[in-house]
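Trainee: I'm new to this one and would like a close look at a single part. Could you pick one chain and walk me through how its pieces sit together?

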Amino acid sequence: MTTLALTINGRAHGPREVRDDLTMNDFLREYLGMTGTKFGCGAAQCLSCAVIVDNPDGTSYTSPTCIVSAASFDGKAIRTVEGHAKNGELSALQKAFIDHFAFQCGYCTAGFLNEAQVLLERLAKKQVARAELEKTIAEALDGHLCRCTGYIKYHEAVRDVILADPKRYLV
Amino acid sequence: MPMQSDMRSRIFVSVSALAMSLLSGYAASQTVSNTLASPESFSSIADTEVRSAAIFTELGKVLTHPRCVNCHPAGDRPRQTDERRLHQPPVERGPDGHGTETMRCSICHQNANFDPGRVPGHPEWHIAPREMAWEGKTLAEICAQIKDPARNGGRKAEDLIHHIGTDTLVGWAWHPGFGRSAAPGTQKEAGALVDAWVKTGAACPTR
């Protein structure tokens, strides 16, 4: 058993005892009932299970949860799909995903949303040229698998959010 | 002609001695694949250079094992499993061998193996630099490479004893976790072979 304490969507959880063999995905879904984070391939291949991990220095990255132990998240701050909407209002990315019909079954959506959010925050700190934008979005979303809509709608949705505020994201 | 006869005798003796040495080395290296012969088992090889090369050939069981070669890849992507398939999900070495900016090795590879997720782990998980690629090379080529400071991380031959014999990331190869075969023998035995190889002149096999 391992003691686990972490912050999820700004709220402290734990400390609590968890099994050493417990995955982070099971901790979120089975222990906390946060089923927005999906279990897809179980091998970190589809990234539908990805959550955002916030570093103390203000940078963030996404991490799969299906193959990673819950214990390894001890002391960390993470964000899940449940944390994007504020006061009942969807984020700009969430709205854009809906506007573009980016998803159908929705199984991959949480992973795409988290990845795109990390991209937006990264671009807000380090803008890219307009000419680099398509490549930048493609590289950021690379690795996330979708079997419904063919990726381009996610790509277009992310592009729209960025182009809606060019001074913030582009040089 | 006595002189020619004497020459023939000397050649015969030399060839016989070489054959015996090679056979001794061959016998010593014909251990079960998951074990390593000790340096002492090569002591019957009289020629020091031949003995040194034979010791390296034994060490080669470790160096060419999937646990080592998978992370000494020829390209920018590591391999995985005993079948040496390309790493899934797709990952690349990045600028420092620890992955790309958005896909660092440490995101999935934690401080220790996590068998429920089938993920190996170590605090310094990364792949070897391009110049240390072993994939697709003969043992002779690996040997020449491992002795070359330009292609071995600037190490002297003596440093290799520590690197292979005690480095904990290298040591993972003998404790690889669920579903992966361990490197032959033990890390201590591999270190002893490196030590003996260096002390006998660090000779390389011919192929």
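Mentor: Let's take chain A, go from its domains down to one helix, and then glance across at chain B.

Keep in mind that this is a predicted model. Chain A is divided into domain 1, residues 2–83, and domain 2, residues 92–169. Taken over C-alpha atoms, the centres of domain 1 and domain 2 of chain A are 22 Å apart. Where domain 1 and domain 2 of chain A touch, the contact takes 16 residues from domain 1 and 13 residues from domain 2. On the domain 1 side, the elements giving two or more residues are strand 3 (51–54) and strand 4 (60–63) of chain A. Strand 4 of chain A gives the most to that side, with three residues. By class, the domain 1 side that touches domain 2 of chain A divides into eight nonpolar, six polar and two charged residues.

Now zoom in on one residue, A:Asn114, which you'll find in helix 3 of chain A. A:Asn114 counts as buried because it has 29 C-beta neighbours inside 10 Å, and the cut-off for buried is 20 or more. Who is it in contact with? Setting aside neighbours within four places in sequence, A:Asn114 is in contact with A:Ala50, A:Val51, A:Ile52, A:Thr62, A:Arg79 and A:Val81. There's also A:His84: 30 residues separate A:Asn114 from A:His84 in sequence, and their C-alpha atoms are 8.7 Å apart in space.

From there, move along to helix 4 of chain A, residues 130–141. Helix 4 of chain A has 12 residues and reaches 17 Å from its first C-alpha to its last, close to the 16 Å expected at 1.5 Å a residue. Which of its residues are buried? In helix 4 of chain A, they are A:Thr136, A:Ile137 and A:Ala140. These three cover an arc of only 100° around the axis, which puts them on the same side of helix 4 of chain A. Here's the general idea to hold on to: an α-helix has 3.6 residues a turn, so residues three or four places apart point the same way. On the other side of helix 4 of chain A, A:Ala131, A:Glu134, A:Lys135 and A:Ala138 are exposed. And what covers the buried residues? The cover for helix 4 of chain A includes helix 3 (109–125) and helix 5 (152–163) of chain A. After helix 4 of chain A comes A:Gly143, with a positive phi near 105°.

Chain A also touches chain B. That contact takes 14 residues from chain A and 12 residues from chain B. The chain A side of it has seven nonpolar, six polar and one charged residues.

Across the way, chain B has eight helices and four strands, and along the sequence they follow the pattern α-α-α-β-β-β-β-α-α-α-α-α. Of the 207 residues in chain B, 33% are buried. Just after helix 8 of chain B, B:Gly201 takes a positive phi of about 105°.

How values were computed: Residues numbered from 1 in each chain as written. Chains lettered and ligands numbered in written order. Predicted model: local features only at pLDDT ≥ 70, side-chain atom pairs only at ≥ 80, totals over all residues. Contact = placed C-beta atoms within 7 Å. Nonpolar A, V, L, I, M, F, W, Y, C, P; charged D, E, K, R; others polar. Expected span 1.5 Å × (residues − 1). Buried ≥ 20, exposed ≤ 12 C-beta atoms within 10 Å, placed from the backbone. Arc of directions from axis to C-beta. Domains from an automatic or database assignment.
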